[in-house]
Amino acid sequence: MSEKLLPLAAMEKLLKQGGAERVSDKAKAALKNALEEIAYDIAVKSIKLAEHAGRKTVKPEDIKLAVKE
């Protein structure tokens with residue numbers, strides 16, 4: 001999963017909002033990779049939930065349920 005899904009600038013902004021004064025490029029990349037993995041897992045679970053409900057469309061409730069799992 002090496003394509004650019006989340007920008008590094010957004011990772012820096014999140015870390016700074018969390019209280020970091022300075023953020024290294026490696027820290028931004030690490031957060032980006034972690035968030036993309038989590039998002040991918042949620043997406044896969046959401047799709048399975050929608051299919052189980054007999055739908056092709058993923059709805060917000062599918063995502064909410066996937067996050068709770």
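Guide: Contact means heavy atoms within 4.5 Å. In the protein chain, 36% of the contacts between residues at least 6 apart in sequence join residues at least 24 apart.

Visitor: What kind of model is this?

Guide: This is a predicted model, in which local features need pLDDT of at least 70 and side-chain atom pairs count only at pLDDT 80 or more, while totals for chains, interfaces and linings use all residues. Residues are numbered from 1 along each chain as its sequence is written, and side-chain values use heavy atoms, leaving out hydrogens and water.

Visitor: How many helices and strands does the secondary structure of the protein chain have?

Guide: Helices (H or I, at least four residues) and strands (E, at least two) are DSSP runs, numbered from the N terminus. The protein chain comes to 3 helices and 0 strands, and its pattern along the sequence is α-α-α.

Visitor: What radius of gyration does the protein chain have?

Guide: The radius is taken over C-alpha atoms, and the globule rule is 2.2 Å times the number of residues to the power 0.38. The protein chain has 15 Å, whereas a compact globule of 69 residues would be near 11 Å. Along the principal axes, the C-alpha atoms of the protein chain fill a box of roughly 45 × 25 × 15 Å.

Visitor: At what angle do H1 and H2 pack?

Guide: Two packed helices are described by the angle between their axes and by the distance between those axes. Axes are lines fitted to C-alpha atoms, for helices over the stretch in contact, and angles run from 0 to 180 degrees between N-to-C directions. Here helix H1 (residues 8–17) packs on helix H2 (residues 25–52) at about 100°, and the axes are 9 Å apart. H1 and H2 are therefore roughly perpendicular to each other (65 to 115 degrees; under 35 is roughly parallel, over 145 roughly antiparallel, the rest oblique).

Visitor: Which residues of H1 and H2 make the contact?

Guide: H1 supplies Leu8, Met11, Glu12, Leu14 and Leu15, and H2 supplies Ala27, Lys28, Ala29, Leu31, Lys32 and Leu35. Leu35, placed in helix H2, touches Leu6, Met11 and Leu14, not counting residues up to four places away in sequence.

Visitor: Which residues of H2 are buried?

Guide: Buried means under 20% relative accessible area, exposed over 50%, partly exposed in between (1.4 Å probe, protein chains only). The buried residues of H2 are Lys28, Lys32, Glu36, Ser46 and Ala50, and what covers them includes H1 and helix H3 (60–68). Leu35 is partly exposed, at a relative accessible area of 30%. Over the 69 residues of the protein chain, 13% are buried.

Visitor: Is Lys48 buried or exposed?

Guide: Lys48, which lies in helix H2, is exposed, with a relative accessible area of 56%. Its C-alpha atom is separated by 9.2 Å from that of Ala66, 18 residues apart along the chain.

Visitor: What does Asp62 touch?

Guide: Asp62 is found in helix H3 and is buried, its relative accessible area being 3%. Leaving aside residues up to four places away in sequence, Asp62 touches Ser46, Leu49, Ala50, Arg55 and Thr57. Of these, Ser46 and Ala50 are among the buried residues of H2.

Visitor: What phi does Gly54 take?

Guide: Just after H2, Gly54 takes a positive phi of about 80°.
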